[in-house]
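I want to know which residues sit inside and what covers them.

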Amino acid sequence: MMVLLRHLLGDVLRQLRQRQGRTLREVSADARVSLGYLSEVERGQKEASSELLASICGALGVPLSQVLREVSDQLALAELQEAALLSGSVSSESVPGPSRLGIDSVPDRVPDVVDMVGV
């Protein structure tokens, strides 16, 4: 089964928003995107443009590159799992999810330069 990029991207954006304790309404207002459209992006029903993604990431305080890196990591894991399943070398029950493999998720926000002084 092929993993759709828009589903992974939506999952990452939703996780970030929820970890920040923010509502769709708050983020959509800050990103200047309609609430309905943001909801569809999070559910993987809409393909967001690069401009829209940049706006959403700005509203979440996370660089687009970091979100895309997390999506890329999850996609690579899904591809490995699919290849293992197709080859018959493992059963679907034995394939771990990202959290069981120790893959870090995207932090809630990127530290400000001030936060990093003295690190």
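I'm working from a predicted model, where local features need pLDDT of at least 70, side-chain atom pairs count only at pLDDT 80 or more, and totals for chains, interfaces and linings use all residues. Residues are numbered from 1 along each chain as its sequence is written, and side-chain values use heavy atoms, with hydrogens and water left out.

Entry: α3. I looked up helix α3, residues 35-42, and found L38, S39, V41 and E42 buried. Buried is under 20% relative accessible area, exposed over 50%, partly exposed in between (1.4 Å probe, protein chains only). Helices are DSSP runs (H or I, at least four residues), numbered from the N terminus. After α3 comes G44, with a positive phi near 75 degrees.

Entry: α4. Here I noted L52, L53, I56, C57, A59 and L60 as buried. They fall within an arc of 160 degrees seen down the axis, so they line one face of α4. The face turned away from that buried side carries exposed E51 and G58. Covering the buried residues are, among others, α1, α2, α3 and α5 (64-87).

Entry: R17. Buried or exposed, I wondered about R17 in α1? R17 counts as buried because its relative accessibility is 8%. Contact means heavy atoms within 4.5 Å. Leaving out residues up to four places away in sequence, R17 touches R22, T23, L24, V27, E42 and L60.

Conventions: Helix = DSSP H or I, 4+ residues; strand = E, 2+ residues; numbered from the N terminus. Arc of directions from axis to C-beta.
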